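Please report on this structure, taking its pocket and its aromatic contacts in turn. Keep it short.

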Amino acid sequence: REDLWVREGKILNPEKLFFDEKGSADVQLDCKGSIIAPGFIDVQINGGFGVDFSLATDDFKSGIDLVSEKILSHGVTSFCPTLVTSPPSVYHQVLPQISVRNGGAHGAGILGAHLEGPFISKEKKGAHPEHCLRTFEAGAFQDLLATYGSLDCVRIVTLAPEMRRSSEVIQELTKRGICVSLGHSVANLSQAEEAVQHGATFITHLFNAMLPFHHRDPGIVGLLTSDKIPAGRRVFYGMISDGIHTNPAALRIAHRAHPKGLVLVTDAIAGMGLAPGRHTLGQQVVEIDGLNTYIAGTKTLSGSVATMDTCVRHFQEATGCSVETALEAASLHPAQLLGIEHQKGTLSYDSDADFLMLNDSLYVQATYIAGEEVWRQDASGM
């Protein structure tokens with residue numbers, strides 16, 4: 001039972017207030033025994049509520065605004081809008097319309113875009129359209145620039161490390177402060193380790209769209225226990241903890257092998273928050289059946305319709321981990337991955353006052369950004 005002190009959007013050290021300023025609180029709020037946790041950070045979300053970030057529309061901005069406002073009720077206070085493999089024209093149209101911005105009553109903050117593809121493996125394309133996939137040509141990094149048009153608002157790029165010339169691309173992206181993630185790939189372990197040595201720090205939805213673990217060559221999964229990771233570096237990995245994309249036993253194996261690297265992601269698509277039926281994911285039509293989402297007419301999984309708070313609860317239940325561990329996988333770890341753990345993902349003094357009130361079952365009761373209440377569950381439970 002502690003007090004959380006907030007002033008001017010930051011978490012305050014009350015000792016200084018008492019002793020240096022002889023001040024006290026202007027407003028006191030009884031949190032009625034809630035858990036107070038850092039706001040959730042979703043680094044892989046393709047859309048939701050009928051909005052698809054991989055569709056170039058004239059009102060793209062209003063779509064991103066809608067999603068950022070709606071995910072407040074799921075405890076997400078900042079996110080990386082994610083584009084799946086698309087033709088260059090889509091990147092050229094959409095990326096200039098994404099801008100990094102702080103969250104507030106209008107919605108969750110935007111940390112920058114996550115570009116998942118098109119430089120990924122044909123064998124592990126998952127729900128990505130094959131005709132849009134690309135390889136790196138002679139001027140590999142220039143090729144990437146020409147495809148995306150601009151890297152101004154880009155935070156994460158997912159690529160397949162076994163592609164020729166991927167090393168120079170990883171180095172160039174890392175130099176620019178862009179996080180490189182390995183995914184949709186048939187890489188073996190040494191190719192994955194080489195990518196990490198060149199600067200890659202993340203794995204896109206572990207186990208999904210990669211070679212399955214094999215004891216003689218564990219592939220990308222082997223990075224979780226690799227001894228070839230440069231000193232002082234940590235490899236993080238995303239997991240879609242929705243009970244569908246990953247069997248609970250696989251979730252437990254990953255968590256026990258490398259607990260400090262686990263980052264919960266929703267990988268949510270436009271159908272999140274909508275009724276079952278047909279929706280889009282970039283260039284493809286997908287069908288929602290309960291919590292399952294398939295490319296229409298197939299059994300290929302295509303993103304999820306799980307919300308971040310659902311993923312946190314499922315992770316905690318599946319692994320039996322502590323509440324703190326479950327909450328850190330959706331807050332501290334993604335912040336560390338993006339190098340913003342001094343501002344977000346914690347309740348440390350001087351960090352941004354983005355926090356949640358949750359009940360003991362980890363259902364979100366209220367969401368705060370910069371110390372302001374931006375969402376609260378009303379009495380009817382809505």
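The largest pocket has a volume of about 1,200 Å³. A pocket here is an open set of points on a 1 Å grid over the protein atoms alone, where a 1.4 Å probe fits, with protein on both sides within 12 Å along at least five of seven lines; lining residues have an atom within 4 Å of a point. Of its 33 lining residues, D3, L4, W5, V6 and L29 are the closest to the centre. Strand 1 (6-7), helix 1 (14-19) and strand 18 (355-358) each give two or more residues to the lining. The lining holds 18 nonpolar, six polar and nine charged residues.

This is a predicted model: local features need pLDDT of at least 70, side-chain atom pairs count only at pLDDT 80 or more, and totals for chains, interfaces and linings use all residues. Residues are numbered from 1 along each chain as its sequence is written, and side-chain values use heavy atoms, without hydrogens and water.

Now the rings. There are seven aromatic pairs, counted when ring centres of Phe, Tyr or Trp (its six-membered ring) lie within 6.5 Å. F119 and F136 are stacked (planes under 30 degrees apart). Their centres are 4.4 Å apart, with 15° between the planes. Both sit in the loop between strand 9 (113-116) and helix 4 (140-148), 17 residues apart.

Technical notes: Grid points are joined across faces, edges and corners, and a volume is the space filled by probe spheres set on the points. Helices (H or I, at least four residues) and strands (E, at least two) are DSSP runs, numbered from the N terminus. Ala, Val, Leu, Ile, Met, Phe, Trp, Tyr, Cys and Pro count as nonpolar, Asp, Glu, Lys and Arg as charged, and the others, Gly among them, as polar. Rings of Phe, Tyr and Trp (its six-membered ring) pair if their centres lie within 6.5 Å; planes under 30 degrees apart count as stacked, over 60 as edge-to-face and the rest as tilted.
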